Amino acid sequence: MWAYTLKRLLMAIPTLFLVAVIVFTLIRLIPGDPATIMLSDLDDPLVIEQMRKDLGLDRPIPVQFGLWLGRIFQGDFGVSIRTSEPVLEAIFDRFTVTATVVLLAVLFAVIISIPAGLIAAWKQNTPIDVTIVLLAVLKLSMPTFWVGLMMLILFGVILNWLPTVGFVAMTEDFGRGVAYLIMPVASLSLTEVAILIRMMRSGALEVLRLEYVTNARAKGLPETKILLRHVLKNAAAPTLTVLGLMLGSLLGGASVTETVFSLPGIGKLIVDSIYARDYPVLQGCLLLIACVYVFLNLIVDLLYGFLDPRVRLS
Amino acid sequence: MGHIKLLASAAMSILLLIGSVSFFPAAAETVLNVATTADMRGTNPGVDRDGTTDTIHMHVVEGLVAYASDFSVRPMLAESIDLSKDGLTYTFKLRKGVKFHNGEEMKGAHVKWSWDRFMKPETKWRCRNNFNGKRGVAVTKFEIVDDYTVKMHLSEPSAVFLASLARFDCGSTAVLHPDSVDSDGKWLKPIGTGPFVFGEIKPGRYTELIRFKDYSARSEPRNGYVGKKEVLVDRVKINVLPEATVQKSAFMAGDLDIISVQPSDVAEVEKHPGCTINSSETAVWDTLLINSRDSLLSDKRIRQSIAHAINREQVIAVISEGRARANPSPVPPLSSYFSNSLKAQLPYDVNKAKALLEEAGYKGEPLKILTTRRSGAYYERALVIQSMLEAAGMKVDMQVLEWGAMLDAYKKGQGYQMMSFTYSARLDPALSFDMFTGPEKRKAWKDSEAIKLVEEAHAVSDPTKRQKLIDELHSRFIDQVPAVGLGHRQRFLAVRKGITGFKAWGAGKARYWGVSVK
């Protein structure tokens, strides 16, 4: 397993290098540059020229790339063109917020969806199954931003139960921090629940049809034991794959949720940086997302082995 | 005796305990919660800047002069300003007893230090070229006459010198204390003379302004960025909320006290109990730029046809829901230079538009309007104009770009035939024309006579002579149609019940002094 892990980590290096090249180039293909955006129509062409020079934008792109890469290896990701904040600091601060919301949302989603999917499969074609599937489909048809806005209006404006603006970290003030997290976590969680329920139900239905499950029932094992010990592990694999991809995607920034609830997360940072052509921040963020995906995929692959010994042996 | 001593000690202890606990709870801190759509760029005025950042900086720093509500330039840190007969020397008498945020009194040496710092290339002051001869006048010498008198000597007379000093995108040429930088000259934070100091700054979340208790206020009533700046709250919390919908929800929930409102939301927000709408026409100019270097649009008849085909009043009525007025001139109506002559325009006349097209030999070649979905009704204006031009017989397409891409086309002066554009506020009439007149690539009006008139308007200080120049510029503008002026942006701000004293003004910049929270 260690050899496998090391091999996967080494394979990540060329992947990340390729990501760096693509990200660096693609960003610069977008019309407009940071100097133009920042100075807008109140400008002095000499000032724009000087700013481009200060930002190193007057150099050839390969030179810019080489300099940036060299600094990355020294741990220097540069500073934000927009806010002059060190990039690593900006990313870390925002990532912490996103990770808090996403991990909590996914945790609740898993806690709800795995049992719900299992039960729906177990009670296939009964009112319970129909209800669970109907709720999942209903939620899937509602855009996340709409759900978020409705929650904001209901709980924030009409009922005035929860705050509508701002963010307080739980480490600063636990109670207030939780209050600020309830709506975004719930909004995000509902979307993930709907997807995971469908995946889990589908996987469980396939496994429930297999002979060894019939055999287990014939042996007289209780249904709960069959579901938890025999069905869950085998049915979980596809759900795990989706979970890994979902987590990677969300950790890259749930920008819609962050925008609706004004969370200072990484998604919002990326969107703002694109509009402002904040190259250092964008490059840093996208590299981070690539790392997250590589890491999460590795974890998922290792978990497969844990769940299914045949995978481990092969 | 022992009992008495014991009782006395107990009584003393009780009294001390009572004394340490106030029966009158400490007054709660008053916080004004407002919103902005973008993060502040930094704390260095005139260096780290954009529109949002300028608004915040103007609460912390002040310059020798500033803009009043009628866009005239008045003394702020200066007590008085004298101009020599040859127009080359400005003498500023400074106000006495003005305190910096570190408690020191402002004196001539501080003003010179600030100026010298701004003029150093390494400071990267955005407006340096406006004062070193590269873009007009040069300040040849800055003289300290005494602790409360300084002189600035110019290379040539300039009617826009004071206006340039007052510009908020220049940080109002803030007077700062040397403690604003460290021993190596590296920027720390602004030690200015403004009514607020910076509190907590959390990028992506909020910026706080805290009342400066020893602020030295002027005595005249509040007037634009001059006059009395009385701070009636302890803190202002400027929350970063890019989405208008989110701001509106937060306002309705009572989490925000003042927000900017789109015209389409005014009716809804007005119904909110206790809410008032503060409205002000600004100097932000909405226009349709016309690229006269285009082969088709180089013909003046086609440009005039475009002007005749556009019903300005209708365009403005649509985008403002009937809450703003049209204006054909780049000079804002709030300006003291907005004379009756500036109301002249090529009237809305579809038949005349068609006749001009025929005369010019227009054969239905497609025309394109470049626009963006950015907030500010760029897209909506373009849409309405497209239908008006088509009604006059023109074939018009729209191309929607992301803001940065459209700005790139604007800067290069190419890649577009017409552009739905907006210029930030210019408070001096010469600057109102200067923003789109000149040989530079980005400028739409390259007429040599117009350029000459703009240069003259920069140099001439006499109001009567200036007015004549501005009137003449406007007359040429509506004849040559390098752009079709639509109007100056109406700004709407919703103010929650319990907030008093807030007033919008023509520069479109919020002011949080004179505002109290109940």
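Predicted model: local features only at pLDDT ≥ 70, side-chain atom pairs only at ≥ 80, totals over all residues.
1. Residues are numbered from 1 along each chain as written, chains are lettered from A in the order in which they are written, and side-chain values use heavy atoms, leaving out hydrogens and water.

2. Together, chain B and chain A bury about 3,500 Å², with 53% of it on carbon and sulfur atoms (buried area is the accessible area, with a 1.4 Å probe, that two parts lose on being put together, summed over both). On the chain B side, Arg41(B), Arg126(B) and Arg205(B) supply 18% of the area buried against chain A, more than any other three residues.

3. You will find four salt bridges between chain B and chain A (a side-chain nitrogen of Lys or Arg within 4 Å of a carboxyl oxygen of Asp or Glu). Asp54(A) and Lys124(B) meet in a salt bridge through their side chains, at 3.5 Å, N to O.

4. Thr83(A) is buried, at a relative accessible area of 13% (buried means under 20%, with a 1.4 Å probe and protein chains only). Not counting residues up to four places away in sequence, Thr83(A) touches Asp39(B), Met40(B) and Arg41(B).

Terms used. Buried < 20%, exposed > 50% of the residue type's maximum accessible area, 1.4 Å probe, protein only. Contact = heavy atoms within 4.5 Å.
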